[in-house]
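Visitor: Hi, could you walk me through this one? I'd like to start with the surface.
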Amino acid sequence: MTYSPKDYYYLGVDISTQQLKCLAINQDLKIVHSETVEFGKDLPHFGTHKGVYIKGDRIESPVAMWLEALDLVLTKYQGNKFPLDQVV
């Protein structure tokens, strides 16, 4: 997709137990780009099961994994030449 230098964009981030998804919309509220990081597939070194650790009756999700997923999703945006400098 070609992005106009006159356009501006908004990012929406959804963090669930299994993935982080980031949508970019333009000023007309149209989705123009989307990237996803699946915790189990893209970040296997955290050793989670469906994005969580189960410890007895406690279920936890590592915050470091969320931060790394956010970094990775933005790296994917850059790799696809999305103009992050036009995000407001």
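Predicted model: local features only at pLDDT ≥ 70, side-chain atom pairs only at ≥ 80, totals over all residues.

Visitor: Good. Which residues make the nonpolar surface patch?
Guide: Val 13, Ile 15, Val 63, Trp 66, Leu 67 and Leu 70 make it, and the patch is about 510 Å².

Visitor: And where does the largest share of the patch come from?
Guide: From H2, with 4 residues. Strand S1 (9-15) and helix H2 (63-79) each supply at least two.

Visitor: Is Trp 66 buried, exposed or partly exposed?
Guide: Trp 66, which sits in helix H2, has 30% relative accessibility, so it counts as partly exposed. The partly exposed class runs between the under 20% of buried and the over 50% of exposed.

Visitor: Staying with H2, which of its residues are buried?
Guide: Met 65, Ala 69, Val 73 and Tyr 77. They cover an arc of only 120° around the axis, so they lie on the same side of H2.

Visitor: Why would that spacing work?
Guide: An α-helix has 3.6 residues a turn, so residues three or four places apart point the same way.

Visitor: What's on the face turned away from the buried side of H2?
Guide: The exposed residues Leu 67, Asp 71, Gln 78 and Gly 79.

Visitor: Switching topic: how many bridges join S1 to S2?
Guide: There are 7, and the two strands run antiparallel, with S2 covering residues 19-26. They form a hairpin with 3 residues between them, and Gly 12 stands opposite Leu 23 in S2.

Methods. Residues numbered from 1 in each chain as written. Heavy atoms only, no water. Patch = residues over 30% accessible without salt bridge, like charges linked within 9 Å, V, L, I, M, F, W, Y side chains within 5 Å. Areas by Shrake-Rupley, 256 points an atom, 1.4 Å probe, with all protein chains shown as cover. Salt bridge = Lys/Arg side-chain N within 4 Å of Asp/Glu carboxyl O. Buried < 20%, exposed > 50% of the residue type's maximum accessible area, 1.4 Å probe, protein only. Pairing = 2+ DSSP bridges. Arc of directions from axis to C-beta.
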